[in-house]
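Work through the following exercises with the model open beside you, and try each task before you read its solution.

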Amino acid sequence: MRRHPRLLPLAALCVLLPLAACGEESSLGRDAMTSYDGPLHLPEGDGRHPRAGAAGDVVDCDAWGTGASLHGEVYEEGATSDSPAAAVRTARSEGLWLSMPPDLAVAAETDDRVLYVAEVAGRPKAALIVHDGQGSEGAGGDGWYVESWAVCDVVELPAGFVEERGYEVWTDADGQVVPTDRLEVFRGPEHCDQQDMTFLSLGPWGRTPTFVRDPDPEPYLRDYLSEPYQPHTALPADAVDSGFRRGDDRLWLAPDRARAYVGAARDDVEMWPRIVKRLTCA
């Protein structure tokens, strides 16, 4: 029997689990397609994305994702390591970032800093900089650690990584990838037994209409949805084309945004009902 689900993007779930639980194996050390000649360290508050430090200036994003950087001269956020690659693996095991692809290449290095990037079509979509510096006694003393990191919107990351995270990549009428602040589509997390459900949100989760595809709904979901999911129905004449595409599938919306319709043919689409009450689970 299903537990009552809590709605969380799968990428957030992976932060809470050991590395192996997310099916990742890191590949580190190869050279990036494009080298980077900018600074590997910026004063606190500087850069295009000040919170992300120097890594925020490395990434080439169509839509910004997230990032962070160390504040202070002494590292005490986790454990230091004896090499740059070990520092990446240590930080990943400690869950210090939300969504960093495992395949990282070296784009620049100095005596005390190394820049790793994940590239898509030669553009860095994720970056992290490790530093050989001072560490607190609790961190294991001096050594290598992640000093700053940044990622673009998750849907801009390598396709295999995005799909593994449970996200779907949709494009607009011009063929451009749609950022998650306009459309977020993701598979439900397994810890809530939602892996057979797909959630579609018209923008940031929790602040915009959200619809759900559930081919095997449980009775308790009736209280959370506006109506039952329909696997086959004809597209209403007043449905509005969103312009969003995924392969042959298109997304239409009811004029009042009470329903979403997904499919390739107007005479046979799926109807995804709108969530009317927040789903939760322990």
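**Exercise 1.** Is R123 buried, partly exposed or exposed, and what is its relative accessible area?

*Solution.* Before starting, note that this is a predicted model, in which local features need pLDDT of at least 70 and side-chain atom pairs count only at pLDDT 80 or more, while totals for chains, interfaces and linings use all residues. Residues are numbered from 1 along each chain as its sequence is written, and side-chain values use heavy atoms, with hydrogens and water left out. The classes are set by relative accessible area, where buried means under 20%, exposed means over 50%, and partly exposed lies in between (1.4 Å probe, protein chains only). R123 has a relative accessible area of 27%, so this residue is partly exposed.

**Exercise 2.** Find which residue forms a salt bridge with R123, and follow the partner to its other contact.

*Solution.* A salt bridge is a side-chain nitrogen of Lys or Arg within 4 Å of a carboxyl oxygen of Asp or Glu, and the structure holds twelve of them. For R123 the partner is D62, with the closest N and O atoms 3.1 Å apart. To place the two residues, recall that helices (H or I, at least four residues) and strands (E, at least two) are DSSP runs, numbered from the N terminus. R123 belongs to strand β4 (residues 123-133), whereas D62 sits in the loop between α2 and β1, so that this pair links distant parts of the chain, 61 residues apart.

Next, D62 also meets the side chain of K125 in a salt bridge, at 3.9 Å from N to O. K125 lies in strand β4 too, and this second pair spans 63 residues. The accessibilities complete the picture: D62 is exposed at 60%, while K125 is buried at 4%.

**Exercise 3.** Locate the disulfide, and work out which parts of the chain the bond ties together.

*Solution.* A disulfide is a pair of cysteine sulfur atoms within 2.5 Å, and a search of the whole structure finds one. The sulfur atoms of C61 and C152 are 2.0 Å apart, and these two residues form the bond. C61 lies in the loop between α2 (55-58) and β1 (64-69) and C152 in strand β5 (residues 143-152), so the pair ties together parts that are 91 residues apart in sequence. The torsion about the S-S bond is about -85 degrees, and the disulfide is therefore left-handed. C61 is partly exposed, at 25%, whereas C152 is buried, at 2%.

**Exercise 4.** In which order do the strands of the open sheet of three strands stand, and which strands are at the edges?

*Solution.* Two strands pair if DSSP finds at least two bridges between them. The order is β6-β7-β8, with antiparallel pairing. β6 (184-187) and β8 (210-213) each have a single partner strand, so one side of each is left without a neighbour in the sheet. Four bridges join β6 to the antiparallel strand β7 (residues 198-201), and F186 stands opposite F199 in β7.
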